[in-house]
Amino acid sequence: MNRRQFLGGLALASAAVVVPVSLGQSLALTRRRHALWGDGGPALRIAHLSDLHASASVPLAHIGRAVDLALAENPDLICVTGDFVTSRAPDPGGLAAVLRRLSAAAPTFACLGNHDGGLWSARRGRDAEPDAVLEILRAADFRVLRNETTLVSARGRELLITGVEDLWSFPIDPARAAMTLDSRKRVVLAHNPDTKDEVARAPWDLMLCGHTHGGQVRVPFFGGRLTAPVRDDRYIEGLLPWGARWLQISRGVGSIWGLRINCPPEVILLELV
Ligand SMILES: [Fe+2]
């Protein structure tokens, strides 16, 4: 077999892996359970979505399927951790209508991602402010937390939810976010899992993140995580401990360029017990 034949064979083999996942057919629900209180009380159920990346390569129908998956679980709360768009939403009104189905079913909280506007976007000639995305989220009736904390009650539980700014886009401000000592458990919404180091001295218990897309492209046989743009590549996906605290990193719903290899998109149903 010469080099050309070998490369042709490799391309065919790769295509067989790419096609099913890049069409979004494998979008699935991931169930997780985490002992946040550990008191045997009722479970508080959070649907966690991330990185929708509404764009020409991630159609609203795909995002709608993610919404269907989340709503089928009757979550108590819904959290969405940024990158609603890749640059500009092709159909802002349509995206707001799809997302409004989430907030109509349960209180829905969000933080912003680097693609939604800010310093990182501005450096690429895109929006320096996330106004276009905020307008969509306002229309979708989302509560966007930008260095803010809110108290939620569900299933007889009280939980602090803090959303911080995206690490690459705007300053993260734990003081402004009222991340002070509190007897109640605190979940942080932060797009980029590297944010953990920025808020290491603040009190929190669990951080929900996205950003990595789980690597998005994993070349067969190499176990590659080639596209995860994080400093700490121990935290690419999954529910993982960090000292006494935990991070959950979603592989996300959408993708850049619509391409995923061996890294299917997901919606997560997290049961906190
Ligand atoms: Fe993303």
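Guide: Two strands pair if DSSP finds at least two bridges between them. Strands (E, at least two residues) and helices (H or I, at least four) are DSSP runs, numbered from the N terminus. The model is predicted: local features need pLDDT of at least 70, side-chain atom pairs count only at pLDDT 80 or more, and totals for chains, interfaces and linings use all residues. Residues are numbered from 1 along each chain as its sequence is written.

Visitor: What share of the 273 residues counts as buried?
Guide: Burial is a count of other C-beta atoms within 10 Å of a residue's own, with C-beta atoms placed from the backbone. The cut-offs are 20 or more for buried, 12 or fewer for exposed, and in between for partly exposed. The buried share of the chain's 273 residues is 42%.

Visitor: Which strands stand at the edges of the sheet, each with a single partner strand?
Guide: This open sheet has six strands, mixed pairing and the order β1-β12-β2-β3-β4-β5. Each edge strand has one partner, so one of its sides lacks a neighbour in the sheet. The two are β1 (28-34) and β5 (143-144).

Visitor: Are α2 and α3 roughly parallel or roughly antiparallel to each other?
Guide: Axes are lines fitted to C-alpha atoms, for helices over the stretch in contact, and angles run from 0 to 180 degrees between N-to-C directions. The axes of α2 (residues 60-71) and α3 (residues 92-105) come within 10 Å and cross at roughly 0°. Angles under 35 degrees count as roughly parallel, over 145 as roughly antiparallel, 65 to 115 as roughly perpendicular and the rest as oblique. The two helices are therefore roughly parallel.

Visitor: How many residues of each class has the contact of α2 with α3?
Guide: Residues are in contact if their C-beta atoms, placed from the backbone, lie within 7 Å. Here L60, I63, G64, V67, A70 and L71 of α2 meet G94, L95, V98, R101, L102 and A105 of α3. Ala, Val, Leu, Ile, Met, Phe, Trp, Tyr, Cys and Pro count as nonpolar, Asp, Glu, Lys and Arg as charged, and the others, Gly among them, as polar. The tally is nine nonpolar, two polar and one charged.

Visitor: Which residues touch the most other members of the largest nonpolar core?
Guide: A nonpolar core is a set of buried Ala, Val, Leu, Ile, Met, Phe, Trp, Tyr and Cys residues joined through C-beta atoms within 7 Å. The largest core has 59 residues. The residues that touch the most other members are A70 and L189.

Visitor: What does A70 touch, not counting residues up to four places away in sequence?
Guide: Helix α2 gives the largest share of the core, five residues. A70 is one of the α2 residues in the contact with α3. Leaving out residues up to four places away, A70 touches A47, L49, P75, I78, L102 and V267.

Visitor: Which are the edge strands of the sheet that includes β6 and β10, pairing on one side only?
Guide: Six strands form this open sheet, in the order β6-β7-β8-β9-β11-β10, with mixed pairing. Each edge strand pairs on one side only: β6 (148-154) and β10.

Visitor: Which residue takes a positive phi in the hairpin of β10 and β11?
Guide: Five bridges join β10 (residues 238-242) to β11 (residues 245-249), and the two run antiparallel. P241 stands opposite W246, and W242 stands opposite R245. Two residues lie between the strands. The one with a positive phi near 60° is G243.

Visitor: Which residues point one way from β9, and which the other way?
Guide: In a regular strand the side chains alternate between the two faces of the sheet. All four residues of β9 (residues 206-209) are buried. L206 and L208 point one way, and the other way point M207 and C209.

Visitor: Is I268 buried or exposed?
Guide: I268 sits in strand β12 (residues 266-272). Beyond four places in sequence, its contacts are T30, R32, H48, Q248 and S250. With 24 other C-beta atoms within 10 Å, I268 is buried.

Visitor: What phi has W257?
Guide: Most residues other than glycine have a negative phi. W257 lies in the loop between β11 and β12. It is not a glycine, yet its phi is positive, about 60°.

Terms used:
Two residues are in contact if their C-beta atoms, placed from the backbone, lie within 7 Å.
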